[in-house]
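Thanks for making time this morning.

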Amino acid sequence: MSTDPERRRRRADVIGILEPNPRPLSTIAIAVVAVLVLTVVGFFLSTVDLGLAKAFNTLHVGALGAFTTAVYHVISPVPAIAITFVVAGIIWWRARDVRPALGFGMTIAITWLPSAAVKELVHRARPDVALLPHPFPVQPDPGYPSGHTVYITAFVIALVWVVRETRWHQVARVLGVVAIAVVFLSVSIDAVHYPTDAAASILWAVAVAPAARVVWVDWVMPRIPVLRPRDGAAVPLRVRR
């Protein structure tokens, strides 16, 4: 049976994402500019990196090809949503507080979902399967930006914030970078996206996720009575440097 200090420590372990952003308006401004720039750039890319897409696709053979295809399927929308719910549930259990779990999940959602609207607006075609050495089955939607890459980048950023006051912070950062690189290479090797689709998606998430966290955690949650901090609820743990 856990003691009170143990419960407080468990709560503090997973609530770094609740720490307020000291420069919220600048964060929002950076996200808006990034979204506008990345959207405009998307209209001009066309097939500029088709040669690079073909070069990546030559690697889609044997075990590596099977692995990259598996990665693509594992973080497709339905499994990605399920993974997010599971991780958010673990965060809720660990913190004994729903707020960091919602901060995690909603930061991902607010970063990820608008990229689908930009995808339809830009409507950049995916690499032509007729030109690829190892074509992936034709995907019905446009390719810019890559939803898979936006998702994994937003997921990593949100998780790193969740654990930033813990001994797991550096581990999460390193493994997160590896995960983002794996997804970038997977969608490029499968050639379901141009490499520029995936690169723009990383930039999108890096710029938009901090703004998404500000909007949800700093602005929206305090206005929802059931999500306001309560007496005895988890509060950010400051670690002395």
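**Salt bridges and a buried serine**

A search of the whole structure turns up 6 salt bridges, a salt bridge being a side-chain nitrogen of Lys or Arg within 4 Å of a carboxyl oxygen of Asp or Glu. Before going further, please note that this is a predicted model, in which local features need pLDDT of at least 70 and side-chain atom pairs count only at pLDDT 80 or more, while totals for chains, interfaces and linings use all residues. Residues are numbered from 1 along each chain as its sequence is written, and side-chain values use heavy atoms, with hydrogens and water left out.

One of these bridges pairs Asp-49 with Arg-124, with 2.9 Å between the closest N and O atoms. Asp-49 sits in the loop between H2 and helix H3 (50–57), and Arg-124 in the loop between helix H6 (98–122) and helix H7 (147–162), 75 residues apart; helices here are DSSP runs (H or I, at least four residues), numbered from the N terminus. Both Asp-49 and Arg-124 are buried, meaning under 20% relative accessible area, where exposed is over 50% and partly exposed is in between (1.4 Å probe, protein chains only).

Arg-213 and Asp-218 also meet in a salt bridge, at 2.5 Å from N to O, and both of these residues are buried. Through shared partners, salt bridges join Asp-49, Arg-124 and Asp-197 into one network.

Now to the serine: Ser-188, in helix H8 (residues 169–189), is buried, with a relative accessible area of 0%, and its side chain reaches the backbone oxygen of Phe-184 at 2.9 Å.

Note on methods: Helices (H or I, at least four residues) and strands (E, at least two) are DSSP runs, numbered from the N terminus. A polar contact is a pair of N or O atoms within 3.5 Å; within protein, one must be able to donate a hydrogen and the other to accept it, and residues adjacent in sequence count only if both atoms are side-chain atoms.
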